[in-house]
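Please read this briefing alongside the sequence and the coordinates. The points are grouped by topic, from the whole chain down to single residues.

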Amino acid sequence: MKAMFLIADYGYRQTIKDIYEKENLPCRFLLHGHGSADSAMLDYLGLGDNKKIIAVTFAANDAVINLYRIFNNRLSLSQAGTGIAFTVPVSGASGLAFALNGTNAEKEADAEMTEPKHELIITIVDRGGFEAVKEASKAAGARGGTLLHGLGLGGEEAAKFLGISIQPEKDIVLIVVDSEDRENIMQTILDKAGIRTDYRGICFSMPVDSALGLAGKNDDIAKIIKQ
């Protein structure tokens with residue numbers, strides 16, 4: 001079972017909603033975000049500082065490649081700068097297994113997804129820390145990211161335990177990078193916006209086992225869906 005993320009320009013929100021409803025995908029979530037790429041550089045997740053739609057769902061292993069084909073046909077994700085779709089493995093879920101048990105996953109897809117070639121870096125900082133994360137990740141070689149807003153629930157006990165004042169409003173930054181670049185990018189982010197800075201940030205990563213729309217050396221799914 002996979003958690004599938006789709007990030008595209010906000011104008012595609014109805015198209016994405018229609019796709020998810022037609023394919024009868026469970027637990028569909030639509031979130032609002034903003035891209036972080038500089039206008040002079042193509043980004044993993046889109047172009048410029050424009051509004052994004054982030055769609056999250058779950059899919060059986062053998063449905064992933066078909067969804068990539070649909071996304072590419074409707075959203076042209078294999079073209080640089082149009083958006084990105086990627087999957088993260090799910091080790092367990094409640095109430096979903098009956099709907100997501102796959103049967104015969106495509107052999108080519110399995111081969112491509114065995115060794116993660118990308119990582120999703122998630123950074124959570126106090127509100128206003130987004131620019132620091134953006135600048136640090138760019139300096140370390142990341143090509144962009146997506147900003148979400150959130151609310152921390154640490155409360156007084158967490159603040160007392162850490163010995164710091166915790167701002168409840170948070171900036172959440174999603175960045176997809178090549179696996180070999182992950183450590184350097186994360187360390188650079190933490191140096192500039194980590195827990196010991198004014199932004200009180202934390203940073204962690206998750207393996208991305210397949211992706212479409214990166215337009216880079218590891219964008220193998222684009223090759224598969226065109227066959």
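The model is a predicted one, and the protein chain has 227 residues, of which 47% are buried.

**Overall make-up**
- The secondary structure of the protein chain consists of eight helices and nine strands.
- When contacts in the protein chain are taken between residues at least 6 apart in sequence, 78% of them join residues at least 24 apart.
- The protein chain exposes about 11,400 Å², and 50% of this area is supplied by carbon and sulfur atoms.

**Nonpolar surface patch**
- Ile195, Ile202 and Phe204 form a nonpolar patch on the surface, and together they have about 250 Å² of accessible area.

**Residues with positive phi**
- Asn24, a residue other than glycine, has a positive phi near 55°, and it is found in the loop that lies between helix H1 (13-22) and strand S2 (29-35).
- With a relative accessible area of 63%, Asn24 is exposed, since the cut-off for that class is over 50%.
- Ser76, likewise a residue other than glycine, has a positive phi near 55°, and its place is in the loop between helix H2 (64-75) and strand S4 (83-89).
- Ser76 is partly exposed, with a relative accessible area of 26%.

Key:
Residues are numbered from 1 along each chain as its sequence is written. This is a predicted model: local features need pLDDT of at least 70, side-chain atom pairs count only at pLDDT 80 or more; totals for chains, interfaces and linings use all residues. Side-chain values use heavy atoms; hydrogens and water are left out. Patches are made of residues with over 30% relative accessible area and no salt bridge: like charges are joined within 9 Å, nonpolar side chains (Val, Leu, Ile, Met, Phe, Trp, Tyr) within 5 Å. Accessible areas come from the Shrake-Rupley method with a 1.4 Å probe; for residues, only the protein chains shown count as cover. A salt bridge is a side-chain nitrogen of Lys or Arg within 4 Å of a carboxyl oxygen of Asp or Glu. Helices (H or I, at least four residues) and strands (E, at least two) are DSSP runs, numbered from the N terminus. Buried means under 20% relative accessible area, exposed over 50%, partly exposed in between (1.4 Å probe, protein chains only). Contact means heavy atoms within 4.5 Å.
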